[in-house]
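Me: Hi! Could you walk me through this two-chain model, one piece at a time?

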Amino acid sequence: MVRQLRPWQKITWGKPRPLATLRPSPLASLGNAVAGFWRTITKATLPSALGSLGSALDAYGSPTVPGVSALEEAQIFLSAGAEVEHALLVEYLYAAWSLGTSPFADTVSTIAIQEMCHLITVQNLLMFVGSQPSFSRQDQDEAPCLDPFPFSLRPLAKAVLEDFLLTEMPPLESMIAGDRVTMEPILRSHSSQGNTVHPVGLIYAKLYWLFQEDDTPTKDWPEVARSGFEPGRHIGTFPGAASGATFQADPQEGTTWHFGSTAQGVFETIDSRQAALRAIFEIAAQGEGPVSAPTTQPTEPSHFRRFMDIYQDPTFAGLSPSNWPINPYVANQGAPSGTQVTHPLAAALCRVFDRRYQILLASLRASLSHDRTSAQDIIIRTKYASWAFEEMLGSLKALLGSISRLPCQQGGSVAQRAAAPTFNLDGLALPNNAADLDKVLLQLHQSAAADINTALAARPDASTAFTLKGMQQTDRGRFPN
Amino acid sequence: MTKEYKIYPGIGISRLGDSPDSFFLSPELPGLGPLELTADDSPKSVGNYKDANGFVRRQAARFRIFEFDTDGTGRTTSREIISGSGTQIEWRVELANEKSAAGKFINEDVPEDTAKLRNPDVAQSDLVIKPVYAPISGANQTVTASPDGKFRGQAVYLGELRTDSKGRLMMLGGRGVSGPRDLPIGSGSGIPGHPHNTFANNEGWHDDVADGPISATIHIPGQTDQVLTNAAWVIVAPPDYAPYTNGITTLYDVASFAAGMKPPATPSFQNDVLPILKAAAGLRWVSSLAIWTAISTDYLQLSTKGDATADQLRSDTLGLLLNNVASTLANFRFTDNQLHVLNNWANGNFLSDFDPNPPTPPLTPDGIDRASLSQAVGGGFFPGIEAGILMTSPDMYSAPFRVTNKLFTFKGVPRNPHAGLITRNMACPWQSDFFECEKQSETTVWWPAQRPIEVFVDATAQTQRPWTDSIPTHQALIDKFSKLGFVEPLPRGGPEPLVEAERDPSIPHP
């Protein structure tokens, strides 16, 4: 059987372009071969045409999928982008939750919410280029080779925040002096360990190029046209252009997508090349991008800025170490470097949590499989979207509280190590057909019923029992038979 | 001997209504709800929230002057100063609505994005609605604005000043008018080529809520005139359609914590714990979610100590409050003071002083502050109802319930206390938020205590009906806000049940 490569696995990173006019940086002079991969590029030495995007491409190489058309390349990049957005939002959410009531929790939660918006907009972009929506997650790749960092659920601490910074950072040269002073030792340390973090923003830059009509620099992001991407490599027509009016998530779709609660995350319907370019640019600017051009949100803090503000806040260093585990899992989920949740009730609740998370994803996917212009379909579409938000805003939040009040280990204490949600996907693979998605949702709810019964049998307290029984009632309402 | 004069409440709340002349008073006694204006100042609960023609009566915030006299031993007594016998109180009010001129509300982290104005293409001066009021003094007087405030050249009525028979100030607000009619409104809508509207930010719109400082000059014969500049504040808010249900966390809780007030080491069940329990259980009248009826109302048992069953009930109730209630209300947090109270109570450290039939409390300055702000919700600041996340800022207060006169910074934005500051980041228009933000999901709700979700339509009803039945759009809520019912006790005078009353037949429950 021919093994199907995951989207990430099809991407290669082209050789860095020569930088003959550059002087070796102090980092390179350290004599560390990996550190030499990074160059501290100053404006005085960099050819002005390259700009900060160009410097990043020089540092990492240009992402490419060889042997396919521009359209297919975009489809692959967008699928990969969806997987990364999904992974990042889960990782950021876990980090935010681990902070409890710390003021930093709100900031990291905001970033996670914005990533949720990016995920939805990428789904719209996928449909626009004729692909199906994808709610897969980066770690579902067998051999993810281009992760920003390996997928992991980690409580927010200095080292974790440094990974987040590396993921979201723009090129050094575009940073203000204070940020550069902060990032250089982080980069040095990361390089010395041989860890290469590929900024996802470069994928968006390449996507932008593919979506451009021609090689002419655009007003929003002119650097892309001057960064050495293959001339003439642009998508001609978009097979899914009509989806903007039918299947894509639309902020104007009443309150279905909770547009007002999106924390200014980029959430747009894609019905034209211009709309696609604008969305790609805004996503890059908001989060991951090495974008130096002004955006429509000139003072909207980027994810890098928000993470940096936390990192540079004196109170962050003074935070007590978290009692949350790294990569929690329950029996049979496996994670050699993780922490098994062995407290019986906590483990049972983690399974309930996993199932509700899977229901959330399946509901989102199912919602997008229905046409919002059809009088019959819109009812089903809205119903499934409401299920997703019930899980997001109700079930997961309530279960988070129940789980984190329990010790991770049987016989242990919360103070030593609290239990935490496991976000396991159990290999969830969502079909594209609406009828098949209905079946998957039924199966997930049937599994959820068993999970809830297991948790109830573990004698939870009154509050958790109330939560679980509430879910039972909700599920009976969804599937009365 | 020293004398000090203060205006009470420190922060008063008026409410909109479209009745031309009928109004009632904001709560002044803790636990009693809004009051009718009586000639002898005796407390009388409001009879009807609409006038004889079905228009919503406005709520007036009444302000009083108290004199605090401290003798040589340090003992302080207080008395109210009223007009008459040569004593005169001259009141001055500034009021403004800056919503349309403000930056967009994004979330609690960014209550105002100054880089994204709600109306970027219009001059700020055309958007700030700021009427001018002459001073008012004496008994039974009325002062209307001259000139009126304007929104893009059109007059907008923000209210008038009145005095009662004893010269106390009564601030009445606007008529619930939001406009214009012909622009898109609501999340996802928008003027072509412009950014999308949201529940809180609707380009081109205005409403008539407002806020601003209250000042007074007190002339007492034989004494130097006392000038109290910007010594209190008024917020003109949307109607409270369920005036006998309170938020589980109120603006009083938020403001008292922000101002640094500490909870008692040993909380009183009656005064500290019971209000929280009653608020949670009371939401059953305005929301059909099962959590509200899961909160025990066996207050005798809940106030018992040293009994295993009672101890377990307290523990279970605490769990329900901290976990289930907290996750049912969107963007909700107990204040640290409330958590102190609840945790101590659950652990058995509390005064077991439950009284099922407490006497009517006497009028006190502190009680006026508490009554005034307890009516307002202290959470779900997305952006909220009467006031928003700004109220959580310690820097906003010069003293408990006293808005500072000094510049302060909140969420990275400098704030200069002035008329319009508190309401500028609230939803514009308020009806947009009211329409959209009843539920965050089927199991998470916003502020049912002010904006009911499901109601019992009469005393015999077994199930609840959507409060906004027959209100299908944002515009419908704007046009018919005064047709909606109020959730009131039936029979009158009894605490429960609370059912919908005074709903106009033109918006029936199907």
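This is a predicted model: local features need pLDDT of at least 70, side-chain atom pairs count only at pLDDT 80 or more; totals for chains, interfaces and linings use all residues.

Me: Thanks. How many helices and strands are there in chain A?
Reply: Chain A has 14 helices and four strands. Helices here are DSSP runs of H or I with at least four residues, strands are runs of E with at least two, and both are numbered from the N terminus.

Me: And what share of chain A is buried?
Reply: Of the 481 residues in chain A, 53% are buried. Buried means 20 or more other C-beta atoms within 10 Å of the residue's own, exposed means 12 or fewer, and partly exposed is in between, with C-beta atoms placed from the backbone.

Me: What about contacts in chain A between residues at least 24 apart?
Reply: They make up 73% of the chain A contacts between residues at least 6 apart in sequence. A contact means that two C-beta atoms, placed from the backbone, lie within 7 Å.

Me: OK, helices. How does the span of H4(A) agree with its 26 residues?
Reply: H4(A) covers residues 103-128, and at 1.5 Å a residue it should span 38 Å, which agrees with the 39 Å between its end C-alpha atoms. The expected span is 1.5 Å times one less than the number of residues. H4(A) is also mostly covered, with 22 of its 26 residues buried. Just after this helix, Gly130(A) takes a positive phi of about 90 degrees.

Me: How do H5(A) and H9(A) cross?
Reply: The axes of H5(A) (residues 158-168) and H9(A) (residues 303-312) come within 9 Å and cross at roughly 150 degrees. Axes are lines fitted to C-alpha atoms, for helices over the stretch in contact, with angles from 0 to 180 degrees between N-to-C directions. H5(A) and H9(A) are therefore roughly antiparallel. For the terms, under 35 degrees is roughly parallel, over 145 roughly antiparallel, 65 to 115 roughly perpendicular, and the rest oblique.

Me: Which residues make that contact?
Reply: H5(A) brings Leu161(A), Phe164(A), Leu165(A) and Glu168(A), while H9(A) brings residues including Phe304(A), Phe307(A) and Met308(A). By class, the contact of H5(A) with H9(A) has eight nonpolar residues, one polar and one charged. Ala, Val, Leu, Ile, Met, Phe, Trp, Tyr, Cys and Pro count as nonpolar, Asp, Glu, Lys and Arg as charged, and the others, Gly among them, as polar.

Me: Switching to Ala366(A): buried or exposed?
Reply: Ala366(A) counts as buried, because it has 25 C-beta neighbours inside 10 Å. This alanine is in H11(A), residues 344-367. Beyond its neighbours within four places in sequence, its contacts include Tyr384(A), Ala434(A) and Leu441(A).

Me: Over to chain B. How much of H1(B) is buried?
Reply: Eight of the eight residues of H1(B) are buried. What covers them includes helix H6 (336-346), H7 and strand S17 (397-399) of chain B.

Me: And how does H1(B) cross H7(B)?
Reply: Their axes come within 7 Å and cross at roughly 125 degrees, which makes H1(B) oblique to H7(B). Leu251(B), Tyr252(B) and Ala255(B) of H1(B) meet Arg370(B), Leu373(B) and Ser374(B) of H7(B).

Me: Where does chain B touch chain A?
Reply: In total, 26 residues of chain B are in contact with 29 residues of chain A. H3(B) (290-294), H5(B) (308-328) and S21(B) (439-441) each give two or more residues to the chain B side, and H5(B) gives the largest share, six residues. That side divides into seven nonpolar, 14 polar and five charged residues.

Me: Last one: which peptide bonds are cis?
Reply: One is the bond from Gly179(B) to Pro180(B), with omega near 0 degrees, and Pro180(B) lies in the loop between S14(B) and S15(B). Another joins Glu496(B) and Pro497(B).

Technical notes. Residues are numbered from 1 along each chain as its sequence is written. Chains are lettered from A and ligands numbered from 1 in the order in which they are written.
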